There are 2 protein chains.
Amino acid sequence: MKAEILCVGTEILLGDIVNTNAQFISKHLANLGIEVFHQSVVGDNPERLLDELENGFKRSDIIITTGGLGPTPDDLTKETSAKFFNRELILDEKSLEDLKDHFNKMGRSYSKGNNIKQAYFPKGSKILPNPHGTAPGCILEVENKTLIILPGPPREVAPMFTEYVEPFLKKYSRGIIKSKTLRISGIGEGIMAEMASDIINNSTNPTVAPYAKEEDTILRITAEASTEDEALTLIEPVESKLRKIFGINIYGEDDVKIEEVLGKMLIDKDYTISSAESCTGGLIAAKLVNYPGISKVFKEGAVTYSNEAKINRLGVKRETLDKYGAVSYETAREMAEGIAKTSDTDIGIATTGIAGPDGGSPEKPVGLVYMGLYIRGKTQVKKFQYFGNRATIRKRATMSALDWVRREIMNI
Amino acid sequence: MKAEILCVGTEILLGDIVNTNAQFISKHLANLGIEVFHQSVVGDNPERLLDELENGFKRSDIIITTGGLGPTPDDLTKETSAKFFNRELILDEKSLEDLKDHFNKMGRSYSKGNNIKQAYFPKGSKILPNPHGTAPGCILEVENKTLIILPGPPREVAPMFTEYVEPFLKKYSRGIIKSKTLRISGIGEGIMAEMASDIINNSTNPTVAPYAKEEDTILRITAEASTEDEALTLIEPVESKLRKIFGINIYGEDDVKIEEVLGKMLIDKDYTISSAESCTGGLIAAKLVNYPGISKVFKEGAVTYSNEAKINRLGVKRETLDKYGAVSYETAREMAEGIAKTSDTDIGIATTGIAGPDGGSPEKPVGLVYMGLYIRGKTQVKKFQYFGNRATIRKRATMSALDWVRREIMNI
């Protein structure tokens, strides 16, 4: 059973809104085990909508549309669909009553001329009520083709989909598609794909696919099966091979964040932490604080952006700054030791670097970041080189810093 | 000149990511006066990609693709495009050099097997360099058809589009659509729309449209004209009416960020600043550090998450914490004064609140945040109540804090 999504709306083609409906519906279809082969967007234009219905039903068995159900004359999804299937439009009395009720409750006059078209549907449709707006949806099944027509606003699409469309589509659901994502840090997409190339190339069910994300890389294992348990049984041996290859580089699964992994680990092992940031400027602290339980272990963050703050707050020596510069191994070391000492924590993590766009030099280019990591009496310093704009460099440095702490704590 | 957008990526069809590239490109094409008639998404599948290129070039003169330029074997956009136009793939030496450089700088081994395919392009292509990633784009013009191939990651698409694609497309631009956005803080979308309802309802060219964003609200003024100057002349009187209505609530224009507005203002007026954060946990500092010039005025941020840190770093009195609690007017006041004093700055901004999901009570519910603002000898304290999840509460509190400083500095 192949499905596709057809969104109608000039505002999407103008780039005024981002098409979150397509994402929502795709995700839910994937969970039902119905494969989405295509998404498309056309404007409020009946000829192009008709063309796309024709192209779409050549490719797919099910088309789900969003948008074009409004009260204005340029809202034409139902009209065009009726034409495509050669059906007339019929007034649905129940929908008309709902519409009148809705306007009464809103204290607005029911404007017959415009809104009444929202109660008309292609003959033979199953109506999908819309308690969140004025435009009901509908499902039309003609021979082997299924057309599901939904409104445009995402807050109306979501409840209509889960309440009516999902139960309806269950009959087409050939089992389920289940994915598991392994999140990997410190390895680029290309190298990751090479390290796992045997598994990627030789796996069919589950499949394994590598992706680069902004702060990390992921491997997604996707199985098709008739039940969730069966899918998990298919995923398990592949996952365990990948875990052997990538080991400690895998920091978590699915949508977990590094701060959650690290936060739990610190709490479990009872290590308190503090941060001293220059180029990352508060992002490490902000990430840690994302994790609700962090107050048990995170004592303090210092954003020591100026040299004075590095000296006064962290006890970095003035001669260190003079001799080696603020962006140096030596400064990173003293920052990490300084924050751990003054905040009395087991761990002190420190960053100092050049986030750009200015301030770089041939010896110390933009993207250069030194990090210091103090853990219970022992300090290490590392040098990193990032690429991208200021925001990207800062985000990636933050990821590396948190991940470095994770790796060290795991090894203890 | 008709254009369409074709995004390649199974991730989009699975609903794992939302298609922001389509929005970005659509918006920029609209600004160029090039109409977008169609958007589509296909998976990493060469047959379906080939079909869509065929369908697309029946409808449109220009197709812009995103995605499928990665190093892995399932990245096939260039290969499929070459097949469509019956061209061979040719190694571009300059791109290969860039690729090697990139890997050298990263201190990673250049993995020939996989990554080298990123330096191959359909014969006759104009190459679009990618300083933000390993996959250059390209433009291929064959007879009356123009194919523009861009990478997938939005942070690579945006600079490549504005730097290379926009100048290239200027020749196709018939007239322009020009927008100006007024960014408003501290007023919700509904009230904003009411305050401006006369202008919103009675403007046709330019149009005025209100939108709610996560951290602020915006009014977008959009004019159609044959030149940019003409569009700006249409926008100007409407903008000036809106500025009269909203006054100081408008903090900036277009894509400006609050930290940029505030950063410039602090530098201009020569006010130094420091921050003391509890619930926002580094986000205020991190936002300020987003602005590259900030080091002139931002001296230090303290993330005083624990009571000890509030006492030791900021000089908050233990009896204040005992009597009123960490989340209180009194603590916010002492935090703001404390950070300004110890870091010797003109301004000290402080936050203390309950970001949730736990820790709320009937008296002090989740979302309650006290903020203190010290400016040259004078301290004010305000109480805010936010709604949403932990991340939303923290982001909105950060926005309010920065915006509060802006308003106070403007009034000086």
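Reply: What follows goes from ring pairs to charges over rings and then to the interface.

This is a predicted model, in which local features need pLDDT of at least 70 and side-chain atom pairs count only at pLDDT 80 or more, while totals for chains, interfaces and linings use all residues. Residues are numbered from 1 along each chain as its sequence is written, chains are lettered from A and ligands numbered from 1 in the order in which they are written, and side-chain values use heavy atoms, with hydrogens and water left out.

A pair of aromatic rings is described by the distance of the centres and the angle of the planes. Rings of Phe, Tyr and Trp (its six-membered ring) pair if their centres lie within 6.5 Å, and planes under 30 degrees apart count as stacked, over 60 as edge-to-face and the rest as tilted. Over all chains, this rule gives 17 aromatic pairs. In one of them, the ring centres of Phe57(A) and Phe84(A) are 5.7 Å apart and the planes are at 20°, so the pair is stacked. Phe57(A) belongs to helix H3 (residues 46-59) of chain A and Phe84(A) to helix H4 (residues 77-85) of chain A, so the pair ties together parts that are 27 residues apart in sequence; helices (H or I, at least four residues) are DSSP runs, numbered from the N terminus. Phe57(A) counts as buried at 5% relative accessibility, whereas Phe84(A), at 23%, is partly exposed, where buried means under 20% relative accessible area, exposed over 50% and partly exposed in between (1.4 Å probe, protein chains only). Together with Phe85(A), these two residues, Phe57(A) and Phe84(A), form one aromatic cluster.

Charges also sit over rings, which requires NZ of Lys or CZ of Arg within 6 Å of the ring centre and within 35 degrees of the ring normal. Arg376(A) lies over the face of Tyr271(A), 3.8 Å from the ring centre, and the charged end of Lys78(B) is over the ring of Phe121(B), at 4.5 Å from its centre.

Where the chains meet, 72 residues of chain B are in contact (heavy atoms within 4.5 Å) with 75 residues of chain A. Across this interface the rule finds 9 salt bridges, each a side-chain nitrogen of Lys or Arg within 4 Å of a carboxyl oxygen of Asp or Glu. The side chains of Asp16(A) and Arg220(B) meet in a salt bridge, at 3.8 Å from N to O.

Note on methods:
Helix = DSSP H or I, 4+ residues; strand = E, 2+ residues; numbered from the N terminus.
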